[in-house]
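Please look over the sequence and the structure below before reading the report that follows.

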Amino acid sequence: MDSVDLEVLKRSADWLENGRRVLLVTVVRTWGSSPRPEGAMLAVRDDGLVVGSVSGGCIEDDIIDRTRRLGMTSTQCEAVTYGVSADEARRFGLPCGGTIQLVLEPLTRDSGMRGLLREIEAGHLVARRVDLLTGEATLHPAQAVDGLAFDGATLTTIHGPRYRMLVIGASQLSKYLAQIAVGLDYQVTICDPREEYTETWDIPGVTLVRTMPDDTVKAMQLDERCAVVALTHDPKLDDLALMEALKSPAFYVGALGSRANNAKRRVRLREFDVTDDEIARLHGPIGIYIGSRTPPEIAISILAEITAVKNGVALPDAARIAVAKERVEASAACAPDCSAAVGDGRMPRRPGGTTRGGVVR
């Protein structure tokens, strides 16, 4: 599955090679509320066909309308701003008077789009630097911490696998997790030395390695844009990976398992000289509480938690698996008392044995 921005680049390159004119639109700055982040891209073909998004609809409509009315006659890059006034914000659907600045870049065969795609497909993180005066675009190596930069004269955008995910175990759950993670722009590696699990692995776009998990963690040289998820339920494999991953700068390290098993895992890790501060970084049980039971639902639960951590969003206790399950068990344990309360009129009974408070008895 392609990410939205990668699809924009691919379509742009294809259109150019087919002799069409293409306008690449990039969000370079936002003020207030904005529906799309800096770096979001939109490609507009000379007949008004589009791929990607910079606002969610209204600004795209304005650019398409202008393209159809005036054509793509300009060869000069330009920066434009939408939503400066309250009227414009309402007209273009920007929430709360938000403002968005875009760079409009007419692409040519010399814009290096195919070369950029080759770098991305090779797994390289690359910076594309565009001189707005000349339209010249050059490619440079980039670091994971690099981001979009725009000074009015030069636009630098970062492309490639900025986030990586290492999944320990080639299970059915791993397949769903990997498929969704690829769509979220992760470069996914599955590690499992067990042949009985890897022989049937068939997920395209995902790297499969059969090395030992601790060796894999070391070889990947994890950085701040890496997530590690242990899913095998086998301590010999999961713990090996966790021991090394918890010492790395990875922004997320988590392990599947019950509350009891995760408590035992923390005891084992201490025996292998993993410090308390490192163990405190371990997420487990992983995921957020959505009542998930099937592998696809569990994958969504796990990725929701990883996304929250990546975006710096603090989850409420009610969303955490351990806390939520404790509350469910406590609620079930008090069922007889609550039923008695229903009987003496303090909690009016509803059809189906449910109180007005929504607790099933």
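## A surface patch and a pocket

Ile 180 has a relative accessibility of 31% and therefore counts as partly exposed, a term for values between buried (under 20% relative accessible area) and exposed (over 50%), found with a 1.4 Å probe and protein chains only. This is a predicted model, in which local features need pLDDT of at least 70 and side-chain atom pairs count only at pLDDT 80 or more, while totals for chains, interfaces and linings use all residues. Residues are numbered from 1 along each chain as its sequence is written, and side-chain values use heavy atoms, with hydrogens and water left out.

Ile 180 lies in helix α5, and together with Leu 184, Ile 290 and Ile 300 it forms a nonpolar patch on the surface, with about 330 Å² of accessible area together. Met 212, in the loop between β12 (207-209) and α7 (213-220), is also partly exposed, as its relative accessible area is 35%. Between Met 212 and Leu 237 there are 7.5 Å in space, C-alpha to C-alpha, although they are 25 residues apart in sequence.

The second largest pocket has a volume of about 450 Å³, and of the 23 residues that line this pocket, Leu 256, Ser 292, Ile 298, Ile 321 and Lys 325 are the closest to its centre. Helices α5 (172-183), α11 (295-310) and α12 (321-333) each supply at least two residues of the lining, and α11 gives the most, with 4 residues. The table sorts the lining by class.

| Class in the lining of the second largest pocket | Number |
|---|---|
| nonpolar | 12 residues |
| polar | 8 residues |

Technical notes: 1 Å grid on protein atoms, 1.4 Å probe; cavity = no way out; pocket = protein on both sides within 12 Å on 5 of 7 lines; lining within 4 Å. Points joined across faces, edges and corners; volume = space filled by probe spheres on them. Nonpolar A, V, L, I, M, F, W, Y, C, P; charged D, E, K, R; others polar. Patch = residues over 30% accessible without salt bridge, like charges linked within 9 Å, V, L, I, M, F, W, Y side chains within 5 Å. Areas by Shrake-Rupley, 256 points an atom, 1.4 Å probe, with all protein chains shown as cover. Salt bridge = Lys/Arg side-chain N within 4 Å of Asp/Glu carboxyl O.
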